[in-house]
Protein chains: 2
Amino acid sequence: METTAKEMKTVNGVNVTQLFETIDLINNTPQISRFKFRATNRWQHGTHNRATVKDFYGALQEDDSREPMRFEIDEPPVLLGENLGANPVEYLLVGLSGCLTTAMIAHAAARGIELRAVESRLEGDLDIQGFLGLSEEIPVEYQQIRVHFKIDADLSEDEKGELVRMAQKYSPVFNTVSKPVSVLVDLDEE
Amino acid sequence: METTAKEMKTVNGVNVTQLFETIDLINNTPQISRFKFRATNRWQHGTHNRATVKDFYGALQEDDSREPMRFEIDEPPVLLGENLGANPVEYLLVGLSGCLTTAMIAHAAARGIELRAVESRLEGDLDIQGFLGLSEEIPVEYQQIRVHFKIDADLSEDEKGELVRMAQKYSPVFNTVSKPVSVLVDLDEE
């Protein structure tokens with residue numbers, strides 16, 4: 001990686017030179033593509049709890065260099081909270097929105113497709129009878145999530161539609177939500 | 001709902017009186033349990049985008065009373081970002097941590113089980129060959145997520161294990177991740 005800043009090619013703010021170098025590195029050493037992402041959470045009071053994101057593992061090493069990022073989680077009063085933060089199902093939408101956007105931007109960049117603006121709005125249907133345990137028939141999970149994208153670029157509607165398809169194909173959060181993923185929950189040994 | 005503050009019963013900071021009143025209301029008028037949660041997202045630059053959470057629909061009305069909550073989303077440098085925020089798959093873990101915690105706290109409160117402290121740590125395995133489109137065999141989504149709880153309460157290990165099971169049973173984010181959920185993504189009509 002002896003390219004200098006001058007030789008770096010950037011599309012949509014994505015360093016495409018580094019992107020293709022990363023792909024070469026992975027092709028030579030596939031283990032560097034295995035990441036472990038993490039969060040911790042501490043209950044505060046009632047429906048208020050606080051999550052922290054800091055370290056992760058990836059590219060064969062631990063990365064503990066980031067400052068801790070803290071997220072307040074709460075419910076609105078109608079759901080017994082005090083509005084001290086977004087609620088958990090809203091954080092899921094935040095992650096989904098970011099992941100679809102990043103997948104779209106990165107794959108457009110890799111193909112040399114320049115975008116001026118990308119916006120999205122998301123809405124998910126949730127019946128809280130599931131959460132409250134009032135009905136075995138009503139799903140506890142989101143029944144459906146809808147995502148609407150607005151893309152400003154010199155592209156046809158078909159080409160924009162293709163970007164929307166790429167975003168879904170390559171987004172880890174989209175695929176985590178739309179497919180069944182194993183989540184193991186237990187008591188910490190101590 | 002003419003109960004006064006004095007008559008309210010609170011367990012774990014959860015207003016159990018309001019919780020059971022809500023359940024009564026839903027039993028009489030099930031439509032009030034249908035919620036729509038939302039987020040918007042605007043791409044900034046490269047892997048940096050910003051999500052906003054504000055309004056939602058629930059209990060038969062729109063709620064636009066919250067101040068907008070903004071979330072910076074970015075990647076670490078090894079994933080072509082500038083560490084301007086947690087990344088999308090980390091936000092998913094934030095939501096999952098909060099949802100399992102709130103489900104545990106609320107269902108413990110409804111049963112009169114007092115808890116002193118609840119902490120959790122989460123880790124998810126992601127192989128970015130999926131995101132990069134380098135392999136059709138490697139899943140794009142999290143391959144597995146592990147959640148470890150630490151509960152401080154006057155309870156046996158079996159009783160704590162039962163709280164962990166309730167958290168999973170009643171958590172919307174846990175069930176959204178572990179089951180397949182329909183996510184419709186399209187271009188906004190305009």
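**Close-up 1. Buried residues of helix α1 of chain B in the predicted model.** In α1(B), the buried residues are Val16(B), Thr17(B), Leu19(B), Glu21(B), Thr22(B), Ile23(B) and Ile26(B). These buried residues pack against elements of both chains, namely α3 (129-132) of chain A and, within chain B, β1 (10-11), β2 (14-15) and α2. The helix itself, which covers residues 16-28 of chain B, has 13 residues and reaches 18 Å from its first C-alpha to its last, close to the 18 Å expected at 1.5 Å a residue.

**Close-up 2. The crossing of helices α2 and α4 of chain B.** The axes of α2(B), residues 88-110, and α4(B), residues 157-170, come within 8 Å and cross at roughly 115°, which makes α2(B) roughly perpendicular to α4(B). In passing α4(B), helix α2(B) forms a right-handed crossing. On the α2(B) side the contact is made by Leu100(B), Ala103(B), Met104(B), His107(B) and Ala108(B), while α4(B) contributes Leu163(B), Val164(B), Met166(B), Ala167(B), Gln168(B) and Tyr170(B). By residue class, this contact of α2(B) with α4(B) comprises 9 nonpolar and 2 polar residues, with no charged ones.

**Close-up 3. The surroundings of Ser97(A).** Ser97(A) lies in helix α2 of chain A, which runs over residues 88-110. With a relative accessible area of 1%, Ser97(A) is buried, because residues under 20% are counted as such. Leaving aside residues up to four places away in sequence, Ser97(A) touches Ser120(A) and Leu122(A) of chain A, as well as Asn41(B), Ala51(B) and Ile73(B) of chain B.

Notes
Residues are numbered from 1 along each chain as its sequence is written. Chains are lettered from A and ligands numbered from 1 in the order in which they are written. This is a predicted model: local features need pLDDT of at least 70, side-chain atom pairs count only at pLDDT 80 or more; totals for chains, interfaces and linings use all residues. Side-chain values use heavy atoms; hydrogens and water are left out. Axes are lines fitted to C-alpha atoms, for helices over the stretch in contact, and angles run from 0 to 180 degrees between N-to-C directions. Helices (H or I, at least four residues) and strands (E, at least two) are DSSP runs, numbered from the N terminus. Angles under 35 degrees count as roughly parallel, over 145 as roughly antiparallel, 65 to 115 as roughly perpendicular and the rest as oblique. A crossing is left-handed if the near helix is turned anticlockwise from the far one by less than a right angle, and right-handed if clockwise. Contact means heavy atoms within 4.5 Å. Ala, Val, Leu, Ile, Met, Phe, Trp, Tyr, Cys and Pro count as nonpolar, Asp, Glu, Lys and Arg as charged, and the others, Gly among them, as polar. The expected span of a helix is 1.5 Å times one less than its number of residues. Buried means under 20% relative accessible area, exposed over 50%, partly exposed in between (1.4 Å probe, protein chains only).
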